[in-house]
Amino acid sequence: YQLYSVTDGPVSLISPMDCSIPEYLPLSESLAPPEVHNKIITAVPFAIDYTRFINEFSSKRQPSQLREITRLVEKLPPHCIKFGVGIPNVLTFPFEKISVELIGGKNIEIQGQELSDALQYMPSIGYGPLIKILQEIQDWFHGPQDWKNRSIMMTTGGQEGLSKAVNMCMNCGDPVLMPDPVYTGAIDLFRPYDADIIPIKQDAYGVVVEEIERVLIERKKNMQPIPKIIYLNPTASNPAGTTLPTHRKREIYRLACEYDMLILEDDPYYYLHFGKENPVSILSMDTEGRVLRFDSFSKIMSSGLRAGFVTGPTRLLRQMELHMQTSSMHTSSLSQVLLYKLLFSWGKNGLTSHFMHVKQFYKEKRDHMMHAVANQLTGLAEWSAPTGGMFLWLKIKGLNDTRRLVTTRCLDKLVILAPGYALAVDTMKPSPYIRVSYSIASPEEVKLGISLLAEAIREELQL
Ligand code: PMP
């Protein structure tokens, strides 16, 4: 049990255990439940034992004393005398005001205290006002249970969050469950640990749950170690374009609870799902505190801002935060303040209409691609229509290995594709697949590119 005193103002912590929890407890004055105010509350931590998910290396991390002071300063009144902080004076920085013109004519101006915040170091967990808005966004879309034990940390893209989670959990040789094919940026994080990567077959709806269960039953029977981590990319997956249905997610969550596993829910394409209903996330099902969810602004705002965020059990996020304190210290303050200003000015309606716009954009691109492949590749390839995102996963008929097709024939025609072998768990095995991305190409380029691909396939198959 951890005890918090809740005063009129911000929630303050009594337990010295973890000072990252209370800062971001109430989402905003309006949303904070009335019982949070003027009361002593007890936060019951998730019942699971997290030691299995924090390796020896990570457990040796200590809070950086100076970073903790930076966090403390944020909570003190602005007129406090800051002798203790080793930060530069923003008055020496050559920025008077940062002005950003948005598409549609609206402006964002960063000045005064917000400009100082954007130019200065900030707490490793992220910019407080932004974190509050992100909590609200998570509530709108996922309604995670029990914020008392859950936190959000800003990361430099979803990739940094993933990397810090893997770094916290993995020991050399640990088994891990991953979809096959898989996002290479995820599998590459596990390789340096000589991880025993267990591939999970995918069908048109994503990973096949019976496969996961079969592996787990077998490993238990043979007394082999049970994976600590199951990595999933549930919406419009990279590269297969599949979206896991809710009932499969529930089953996977059940297995995670039964076998004591952590789920890494890497979901950067969540807002690019073409269906009418938003997918139900695994985070929203998480009653036990075994989901780390990775969101990203890369596909919906800008990949160059390098902004993502991880939502998960505070105990684990604290551990990742300690890593952050000694690596990048924090995600770019300018990116965070800019995002805050944008999200604040948009509100829920502005944000959802932007998501709709981005979704529609990619849906049209997908439709052009589907039209082109139906015209040019019928009889030469097989595919399922992507459910969102930006990838079409094509299986070339009668070809065991697409390596030469992609790296020689298509390249000679100046058509760039990703060969299937490079996106498989076992990159040494030949693969009949190719990944076609439709995010950038114009409709004319799609038409030409797919007809050149068809030509290359015919040459390769000597048809
Ligand atoms: N996960 C998946 C499945 C991705 O496809 C990507 C980017 N291609 C990332 C994570 C990382 O993206 P970012 O760091 O830009 O958020």
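**Entry 1: H4 and H10**

I started with helix H4 (residues 128-141) and helix H10 (residues 333-377), whose axes come within 9 Å and cross at roughly 45°. That angle makes H4 oblique to H10. I am working on a predicted model, in which local features need pLDDT of at least 70, side-chain atom pairs count only at pLDDT 80 or more, and totals for chains, interfaces and linings use all residues. Residues are numbered from 1 along each chain as its sequence is written.

I noted the terms. Axes are lines fitted to C-alpha atoms, for helices over the stretch in contact, and angles run from 0 to 180 degrees between N-to-C directions. Angles under 35 degrees count as roughly parallel, over 145 as roughly antiparallel, 65 to 115 as roughly perpendicular, and the rest as oblique. Helices (H or I, at least four residues) and strands (E, at least two) are DSSP runs, numbered from the N terminus.

I then checked the hand: H4 passes H10 in a left-handed crossing. Left-handed is used if the near helix is turned anticlockwise from the far one by less than a right angle, and right-handed if clockwise.

From H4, I listed Pro 129, Leu 130, Ile 133 and Trp 140; they meet Gln 336, Leu 339, Tyr 340, Leu 343, Phe 344 and Lys 348 in H10. By class, I found 8 nonpolar, 1 polar and 1 charged residue in the contact of H4 with H10. Contact needs C-beta atoms, placed from the backbone, within 7 Å. Ala, Val, Leu, Ile, Met, Phe, Trp, Tyr, Cys and Pro count as nonpolar, Asp, Glu, Lys and Arg as charged, and the others, Gly among them, as polar.

**Entry 2: H7 and H8**

I looked up helix H7 (residues 209-221) against H8: they pack at an angle of about 15°, with axes 10 Å apart. H7 and H8 are therefore roughly parallel to each other. The crossing of H7 past H8 is left-handed. H7 gives Val 209, Ile 212, Glu 213 and Leu 216, and H8 gives Arg 248, Glu 251, Ile 252, Leu 255 and Tyr 259. I sorted the contact of H7 with H8 into 6 nonpolar, no polar and 3 charged residues.

**Entry 3: H11 and H12**

Next I took helix H11 (residues 403-412) and helix H12 (residues 443-461), whose axes come within 10 Å and cross at roughly 120°. H11 and H12 are therefore oblique to each other. I logged their crossing as right-handed. Arg 404, Leu 405, Arg 409 and Cys 410 in H11 meet Leu 453, Ala 456, Ile 457, Glu 459 and Glu 460 in H12. The contact of H11 with H12 holds 5 nonpolar, no polar and 4 charged residues.

**Entry 4: The ligand shell**

I found 13 residues around the ligand, the closest being Gly 157, Gly 158, Gln 159, Ser 296 and Ser 298. A residue is near a molecule or strand if its C-beta atom, placed from the backbone, lies within 6 Å of it. Helix H5 (residues 157-169) supplies the largest share of the shell, 3 residues.

I checked the peptide bond from Asp 180 to Pro 181: it is cis, with omega near 5°. Pro 181 sits in the loop between strand E7 (175-180) and helix H6 (184-190). The bond from Asn 238 to Pro 239 is cis, with omega near 10°. I placed Pro 239 in the loop between strand E10 (229-232) and helix H8 (246-259). Asp 194 is not a glycine, yet has a positive phi of about 50°. Asp 194 lies in the loop between H6 and strand E8 (196-203).

How values were computed: Two residues are in contact if their C-beta atoms, placed from the backbone, lie within 7 Å.
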